[in-house]
Amino acid sequence: MTNIILLGPPGAGKGTQARQLTEDRGMVQLSTGDMLREARASGTEMGRRVAEVMDRGELVTDEIVIGLIEEKLRQGSAGGFIFDGFPRTLKQADALGELLARMGQRLDAVIELVVDDAALVGRIVKRAEETLAAGQPVRKDDTPEVFADRLREYYRKTAPLIGYYYAKGDLRQVDGMADVADVSGAIAQLLDRA
Ligand code: AMP
């Protein structure tokens with residue numbers, strides 16, 4: 001069983017790589033962004049509370065996302081978990097460590113997708129255009145304006161996790177600007193070594 005975190009700013013390709021890993025290795029993808037969007041769509045009280053925060057490109061409270069993750073971890077995964085978009089704060093990182101320890105599990109690696117900011121904005125514009133072309137609605141927080149706010153949130157609250165995991169000896173870095181298949185290959189190599 002392998003448990004990993006995919007770390008990196010919005011648009012770095014965490015979701016794409018996580019989905020690939022679910023196919024290749026039978027791991028379970030835990031995306032707090034997907035869970036929150038599901039909660040919104042189902043119109044629950046929690047969904048209503050988080051909607052505005054998400055649309056502003058800010059982070060929802062630690063309590064909410066930790067609660068969501070705890071629920072999913074209880075369901076277990078034979079192949080292990082890929083944490084995608086979680087943790088995003090030091091408090092979430094501590095909570096994840098405690099939850100895994102309680103289950104008798106550990107993190108095998110924290111993989112940072114290293115990307116170039118200017119290129120990210122280009123990527124997000126492209127993602128919005130492709131989504132539109134496919135006849136699907138574009139996420140409100142994928143507009144260039146809100147995306148800039150999400151990037152700021154990342155540097156203020158999430159980037160400190162790079163140092164946090166480096167100090168624990170868990171951090172691995174992969175060039176996130178490479179082709180999708182090359183990024184997958186680099187991640188596979190890391191995991192086979194872990
Ligand atoms: P994502 O799809 O991962 O970019 O997440 C979309 C939005 O959901 C983020 O901009 C936040 O508002 C919220 N969100 C997702 N994951 C977290 C998290 N771990 N902590 C706080 N907010 C989150």
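Me: Why is aspartate 142 called buried?

Reply: This is a predicted model, and in it aspartate 142 has a relative accessible area of 4%. The cut-off for buried is under 20%, so aspartate 142 counts as buried.

Me: What about aspartate 84, why is it said to have no salt bridge?

Reply: The nearest side chain of opposite charge is lysine 14, and that sits 5.1 Å away. The limit is 4 Å, so aspartate 84, though buried, goes without a salt bridge.

Me: What does the side chain of aspartate 84 join up with in a polar contact?

Reply: Glutamine 29. The two side chains are joined at 2.8 Å, and the cut-off for a polar contact is 3.5 Å, so the pair counts. As for its setting, aspartate 84 lies in strand β3, residues 81-84. Leaving out residues up to four places away in sequence, aspartate 84 touches several others, including Gly15, Ala18, Leu30 and Thr32.

Me: How do you know that the buried residues of α9 line one face of the helix?

Reply: The buried ones are Val183, Ser184, Ile187, Leu190 and Leu191. Viewed down the axis of α9, they fall within an arc of 125 degrees, so they line one face. On the other side, Ala181, Gln189, Asp192 and Arg193 are exposed.

Me: What covers the buried residues of α9?

Reply: The cover includes β1 (4-7), α1 (14-25), β4 (109-114) and β5 (171-175).

Me: What makes the reach of α9 close to the expected one?

Reply: Helix α9 spans residues 180-193, which is 14 residues, and goes 20 Å from its first C-alpha to its last. At 1.5 Å a residue, 20 Å is what you'd expect.

Me: Why is alanine 186 called partly exposed?

Reply: Alanine 186 is in helix α9 and has 27% relative accessibility. Buried is under 20% and exposed is over 50%, so alanine 186 falls in between and is partly exposed.

Me: Why does aspartate 192 count as having a salt bridge with arginine 25?

Reply: Their closest N and O atoms are 3.1 Å apart; the limit is 4 Å, so the pair passes. It links distant parts of the chain, with aspartate 192 in helix α9 and arginine 25 in helix α1, 167 residues apart. Aspartate 192 is exposed at 58%, while arginine 25 is partly exposed at 32%.

Me: How do you know that arginine 102 and glutamate 70 meet in a salt bridge?

Reply: N to O, the value is 3.7 Å. That is within 4 Å, so these side chains make a salt bridge. Arginine 102 is in helix α5 and glutamate 70 in helix α4, 32 residues apart. Arginine 102 has 62% relative accessibility, so it is exposed; glutamate 70, at 26%, is partly exposed.

How values were computed. Residues are numbered from 1 along each chain as its sequence is written. This is a predicted model: local features need pLDDT of at least 70, side-chain atom pairs count only at pLDDT 80 or more; totals for chains, interfaces and linings use all residues. Side-chain values use heavy atoms; hydrogens and water are left out. Helices (H or I, at least four residues) and strands (E, at least two) are DSSP runs, numbered from the N terminus. Buried means under 20% relative accessible area, exposed over 50%, partly exposed in between (1.4 Å probe, protein chains only). Lys and Arg count as positive and Asp and Glu as negative; His and the chain ends are not counted. A polar contact is a pair of N or O atoms within 3.5 Å; within protein, one must be able to donate a hydrogen and the other to accept it, and residues adjacent in sequence count only if both atoms are side-chain atoms. Contact means heavy atoms within 4.5 Å. The expected span of a helix is 1.5 Å times one less than its number of residues. The arc is that of the directions from the helix axis to the C-beta atoms.
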